[in-house]
Amino acid sequence: MITDHEITLATLEDAQAIAELSRDAIEYGLPWRWTPQRVSVAIRDRSTNVLVARRAAAALHGFAVMQYGDETAHLSLLAVRESARRHGVASALLEWLEASARVAGIQTLRLEVRASNLGAMAFYARMGFVESGIRTGYYEGLEDAFRMSKRLATG
Ligand SMILES: CC(C)(COP(=O)(O)OP(=O)(O)OC[C@H]1O[C@@H](n2cnc3c(N)ncnc32)[C@H](O)[C@@H]1OP(=O)(O)O)[C@@H](O)C(=O)NCCC(=O)NCCS
């Protein structure tokens with residue numbers, strides 16, 4: 001499905017809502033690392049894109065955080081509010097980031113996902129990511145991570 005959500009760069013006013021969605025949808029059962037302060041640092045950081053998705057200027061429905069290196073970009077966070085899922089919001093966020101990564105000359109996208117998060121792994125596989133390894137105890141020693149990566153087509 002093609003979403004009718006508007007995708008824009010986050011502003012500092014979005015930091016609280018992004019952090020709370022990260023805590024509830026991604027970091028559940030773990031210490032809260034992506035606090036509003038840390039999200040604000042990411043929003044200000046020139047080598048990081050923080051995106052938000054909302055519909056008709058309403059509350060935030062989803063967000064994504066990607067950090068750009070020279071040849072690799074790292075998708076640090078991606079979440080969609082439960083009520084807005086399966087409407088293409090995450091796909092639209094990721095497609096925006098992939099397009100900007102291509103412009104920046106990035107060759108590979110990387111991410112880690114909680115080993116228990118089968119839904120997210122299915123989503124990433126659908127978006128062209130493949131498993132590239134496991135990081136034991138990556139989440140505070142409490143849970144393993146699967147590494148996934150996607151090679152971006154050139155030319
Ligand atoms: C994973 C997540 C970001 C997907 O967001 P979304 O907006 O619902 O994804 P989309 O609507 O763009 O999904 C596109 C396709 O991916 C696949 N997909 C998405 N979620 C899936 C799930 N839970 N199980 C299986 N396949 C899934 C489907 O093929 C889907 O297409 P379809 O709806 O036509 O079947 C969302 O479920 C989420 O926020 N989960 C909690 C946080 C999280 O796990 N974040 C990622 C790890 S950091």
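I looked up the largest pocket first, and about 1300 Å³ of space lies in it. A pocket here is an open set of points on a 1 Å grid over the protein atoms alone, where a 1.4 Å probe fits, with protein on both sides within 12 Å along at least five of seven lines. The volume is the space filled by probe spheres set on the points.

I noted the sources. This is a predicted model, in which local features need pLDDT of at least 70, side-chain atom pairs count only at pLDDT 80 or more, and totals for chains, interfaces and linings use all residues. Residues are numbered from 1 along each chain as its sequence is written, and side-chain values use heavy atoms, with hydrogens and water left out.

I then listed the lining (residues with an atom within 4 Å of a point). It has 42 residues, and L78, N117, A120, F123 and Y124 lie nearest the pocket's centre. β4 provides the largest share of the lining, seven residues.

I found that the ligand takes the space of this largest pocket. Around the ligand I recorded 19 residues, with L78, V80, S91, N117 and R126 the closest. Of this shell, α4 gives the most, six residues.

I checked the polar contacts (pairs of N or O atoms within 3.5 Å). Oxygen atoms of the ligand lie 2.6 Å from a side-chain N or O atom of N117, 2.7 Å from one of R126, and 2.8 Å from a backbone N or O atom of G88. The protein buries 79% of the 890 Å² that the ligand exposes when taken alone, by the Shrake-Rupley method with a 1.4 Å probe.

Conventions. Near = heavy atom within 4 Å. Polar contact = N/O pair within 3.5 Å; in protein donor to acceptor, adjacent residues only side chain to side chain. Sits in = over half its atoms within 2 Å of the grid points. Helix = DSSP H or I, 4+ residues; strand = E, 2+ residues; numbered from the N terminus.
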